[in-house]
Protein chains: 2
Amino acid sequence: MRIPLDFQSEQPLYRQIAGYIRQGISAGGLATDVRLPSSRQLAADLHVNRITVENAYHELEDDGLIYTRVGSGTYVLPLQPMAPIPRQEPGAPWPLWQQAVQSRTAVYSDPVRDELIHSPGHPSPILFNKGVGDIRHYPVDEFRKVLQSVMRRDGMDALDYGDLYGYKPLRETINQVLASQGLLTRPDHILITAGSQQALALITRLLLMPGDVLITESPTYSGALDLFRALELQVVGIPVDQNGMQVDKLEKLLQQYHPKMIYTIPNFQNPTGVCMSLARRRELITLADRYNVPVLEDDYVGDLRYEGRMLPSLKALDPGGRVIYVSTFSKMVMPGLRVGFLAAEGPVLDGLAQYKHVNDLATSSLLQRALESYVTVGSYHAHLRRTILLYRKRRDAMLDAIHRYMPPDVQMDAPAGGLFIWLGLPKGWSADRLVYPAWEQGVTFSPGSRYFPDRADGERWMRLNYVANSPEEIEEGIIRLRKAMPQMGKQND
Amino acid sequence: MRIPLDFQSEQPLYRQIAGYIRQGISAGGLATDVRLPSSRQLAADLHVNRITVENAYHELEDDGLIYTRVGSGTYVLPLQPMAPIPRQEPGAPWPLWQQAVQSRTAVYSDPVRDELIHSPGHPSPILFNKGVGDIRHYPVDEFRKVLQSVMRRDGMDALDYGDLYGYKPLRETINQVLASQGLLTRPDHILITAGSQQALALITRLLLMPGDVLITESPTYSGALDLFRALELQVVGIPVDQNGMQVDKLEKLLQQYHPKMIYTIPNFQNPTGVCMSLARRRELITLADRYNVPVLEDDYVGDLRYEGRMLPSLKALDPGGRVIYVSTFSKMVMPGLRVGFLAAEGPVLDGLAQYKHVNDLATSSLLQRALESYVTVGSYHAHLRRTILLYRKRRDAMLDAIHRYMPPDVQMDAPAGGLFIWLGLPKGWSADRLVYPAWEQGVTFSPGSRYFPDRADGERWMRLNYVANSPEEIEEGIIRLRKAMPQMGKQND
């Protein structure tokens, strides 16, 4: 048998031999029961090592193309019909199931972001659209040292799966921090999650099915709205005033829609910055209890208060098992850490732990241990005090700049805490249409349409993050924003 | 006004004063429009600082209980009816929505594990029930150093949110490792996830709705089955033989059930350890294409092969956009790291990236960067070679011990790779009932019922992890397992 071999090729010789014989079999040139030359013979024919031929024969044997009868020789087997795999031609449509995904994804994608990603930007943009604090103030060096000592102390335990509910000492620390904020719970009522977003996703998924109704403030956190849309829930909004969710409108909606959950951000609501009054908090819990509806409390920056007195969280008012509380250290310490937590009791707590397990098995044990090592009640409050001083100045700088540079008919309330100012443009203006001109001027913001169940309700609103930039940057950013506005004004004329 | 004050109490005086007045108002002792003493007067009455009284009045004002008329005095406001919050009495039933969770959670909980958690164990148990490698061989020190240098190099970037698809250099490394395994894809077709379990959860959730049918091997990975049950899918199993899923039975099921996905582990299938033949791989893809069904390929230890030749992954045979490939470094490097990945193309890839975003925003940037720094194609293959040498010896040790100590009528095939031996007990025996006696002897295994869509099909099977223990421990463990067995035999007599 003669086989053309390429001794310069990167493909090993045995592969070339096997490939040639394989082709011969599939093309019919080597028919069933044909006896192949012995490996010694073929090696001599081809001037290769006998091992090379044996390797080729082994490969063909593994593929079920030939067989060796001991003492007799090697033979071609009957050809098993191999399914001809269809090819995806360039430009051909995707399979139908892929096309179906496409139509569902569009519901919760963010066209504004997509537009900016593909456009050239200002050389030094000022970003007011972020959801987090100033990354320049993250405790990078301290955290590096903590990681080191945790790895030295815990060794392989830090790299294994941990406790189903999360690293126990971290749950104990969280319990202490919550107690210092007036929320008494227990370490075994706390479940560690991969950031608070995962907590929201797990709770919503466990308790609701596609098509179910969920009640939330309108506007509310866009990441929660995106989640609810992705889960194909029906979102019913309750308007927000200076005292938070208008709970007096809740009972009628409970009767009308039989919702499966109420999602709320009672403290420094995202995006409006308002706090729910105590009377409304109590009323909300009472109604939720009467109508058998779980309350999901998102306390993303509840303790980031610059003035006034702290109100009890809904969870602190919970008679037991009615409220699921979600929070995180991300906004305070470092967002990329992806460690959040929830507090709950009753069957839903164990249900969530099991549900988390099927979703991702566990949250990184190393990061939980590092966070536990880094956060104590004392260090947490010291960090909180410093942060409050820093962020209050920045809030004031932004309020100031808005008063100085913005048209007098913009609408805004000074927030008593949190990260954001919620700014209403004069009637008839569109924040969505301001995104791109602002980007060209070198400033970003988050358009209000992202925060409303009905996007159109957010037309003239924008959310401005005042904590991620210095007072000087804030002033410059507001000036740039103002420069972008006449262009939009003209669009509307 | 006289207010009993406790100067030894930990409660601040102003709180005690406010609390007393609040009680007075709610009990009716202080009626609407009653004028309260001036702060100067009350301070004198109580022998406290005037500021203390002012703080108490501020608190009551914030609560909407009193108001101050300038130049006139401080008055009690009409009492706003505060909702009386119901209490959860000890022993009272949970709210109905909580009870509903309880009944749903039971579907995918693991009674065997729950039983053992609450029972006292052997002082030095040998664990054959684990799903991972030998934690004593994790590269703890190397990884510690890598974390350090990444934190020094990247600083705050390592603690911020990262790219929607995951850290790009890590996707490039994964692309190279996959190419070295015969799977050609692209870095921008890879999505980093929080372990492969999250990838399975995201894909299944995006593509299926509760009640939809999913086809899988029977038996299959228990973590996937738990996930499918948690999502309330209808799971249809196809039996497995020595060549993997019996694909010849697939077309009939496709016609009968119109499934929305096929989930398969073609290499060293969990729990059976078998590999799907090349002919079946091709047939599977062709059928999935013809019937418009996505294929989810779980390649959890595809390259952990001790002998024989590697087969192309389904993804390598994919004509384009038909197969979603999921894998991880967890089994090789360290399970607690929680970094996995998927490879796909078409609309489903962007859909999954968006879907991951609403589920947890991002996977820890720090861990992605550390993994990228730790893994190169070269170091990966060096680690793989060492691991294969180690694990092959352990597999042989377990095969040997089973031949030596187990009854001759147990059923087993030697796996050519992976982590597990799938052992069939003699007919009529129950692995579930052996769990507790084995625990008392000081050995664990994973009972077969966990791996079957219909648990009863797994009655006499068990999965044994042979990689997590030394050969000596393996021999001792099998001896202990044998000791536990006669007790069970008696139960069946």
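A: Let's start with Glu232(B), which is partly exposed at 30% relative accessibility. Please keep in mind that this is a predicted model. Glu232(B) sits in the loop between helix 9 and strand 7 (234-241) of chain B. Its backbone deserves a look too: phi of Glu232(B) is near 60 degrees, a positive value in a residue that is not glycine.

Another residue of chain B has a positive phi without being a glycine: Phe268(B), at about 45 degrees. Phe268(B) belongs to the loop between strand 9 (261-264) and helix 11 (278-290) of chain B. With a relative accessible area of 1%, Phe268(B) is buried, whereas Glu232(B) is partly exposed.

Cis peptide bonds are the next backbone feature to check. In chain B, the bond from Ser218(B) to Pro219(B) is cis, and its omega is near 5 degrees. Pro219(B) lies in the loop between strand 6 (213-218) and helix 9 (222-230) of chain B. In chain A, a cis peptide bond joins Asn270(A) and Pro271(A), with omega about 15 degrees. Pro271(A) is located in the loop between strand 9 (261-264) and helix 11 (278-290) of chain A.

A search of the whole structure turns up six cavities of 30 Å³ or more. The largest cavity has a volume of about 260 Å³. Its lining is made up of 21 residues, and those nearest its centre are Arg205(A), Pro210(A), Arg205(B), Pro210(B) and Leu231(B). Sorted by class, the lining of the largest cavity has 14 nonpolar residues, one polar residue and six charged residues.

Over all chains, the count comes to 16 aromatic pairs. One of them is formed by Trp422(B) and Tyr451(B), in an edge-to-face arrangement with 5.9 Å from centre to centre and 85 degrees between the planes. Trp422(B) is in strand 13 (residues 420-424) of chain B and Tyr451(B) is in the loop between strand 15 (446-447) and strand 16 (461-465) of chain B, so the pair ties together parts 29 residues apart in sequence. Both partners are shielded: Trp422(B) is buried with a relative accessible area of 9%, and Tyr451(B) is buried at 0% relative accessibility. Over in chain A, one aromatic cluster is formed by Trp422(A), Tyr451(A), Phe452(A) and Trp461(A).

Phe420(A) is found in strand 13 (residues 420-424) of chain A. Arg463(A) lies over the face of Phe420(A), 3.7 Å from the ring centre. In chain B, Arg463(B) lies over the face of Phe420(B), again at 3.7 Å from the ring centre. Phe420(A) counts as buried, because its relative accessibility is 2% and the cut-off for buried is under 20%. For a sense of distance, Phe420(A) and Ser313(A) are 20 Å apart in space, C-alpha to C-alpha, and 107 residues apart in sequence.

Ser470(A) is in the loop between strand 16 (461-465) and helix 17 (471-492) of chain A, and it is buried, with a relative accessible area of 16%. The C-alpha atoms of Ser470(A) and Leu390(A) are separated by 9.2 Å, while the two residues are 80 residues apart along the chain. In chain B, Pro437(B) has its place in helix 16 (residues 435-441) and counts as buried at 9% relative accessibility. Pro437(B) and Pro486(B) are 49 residues apart in sequence and 9.7 Å apart in space, C-alpha to C-alpha.

Finally, let's step back to the domains. Chain A is divided into domain 1 (13-76), domain 2 (105-135 + 382-492) and domain 3 (138-377). The C-alpha centres of domain 1 and domain 3 of chain A lie 65 Å apart.

Note on methods:
Residues are numbered from 1 along each chain as its sequence is written. Chains are lettered from A and ligands numbered from 1 in the order in which they are written. This is a predicted model: local features need pLDDT of at least 70, side-chain atom pairs count only at pLDDT 80 or more; totals for chains, interfaces and linings use all residues. Side-chain values use heavy atoms; hydrogens and water are left out. On a 1 Å grid over the protein atoms alone, a cavity is a set of points where a 1.4 Å probe fits but cannot get out, and a pocket is an open set with protein on both sides within 12 Å along at least five of seven lines; lining residues have an atom within 4 Å of a point. Grid points are joined across faces, edges and corners, and a volume is the space filled by probe spheres set on the points. Ala, Val, Leu, Ile, Met, Phe, Trp, Tyr, Cys and Pro count as nonpolar, Asp, Glu, Lys and Arg as charged, and the others, Gly among them, as polar. Rings of Phe, Tyr and Trp (its six-membered ring) pair if their centres lie within 6.5 Å; planes under 30 degrees apart count as stacked, over 60 as edge-to-face and the rest as tilted. Helices (H or I, at least four residues) and strands (E, at least two) are DSSP runs, numbered from the N terminus. Buried means under 20% relative accessible area, exposed over 50%, partly exposed in between (1.4 Å probe, protein chains only). A charge sits over a ring if NZ of Lys or CZ of Arg is within 6 Å of the ring centre and within 35 degrees of the ring normal. Domain bounds come from an automatic or database domain assignment.
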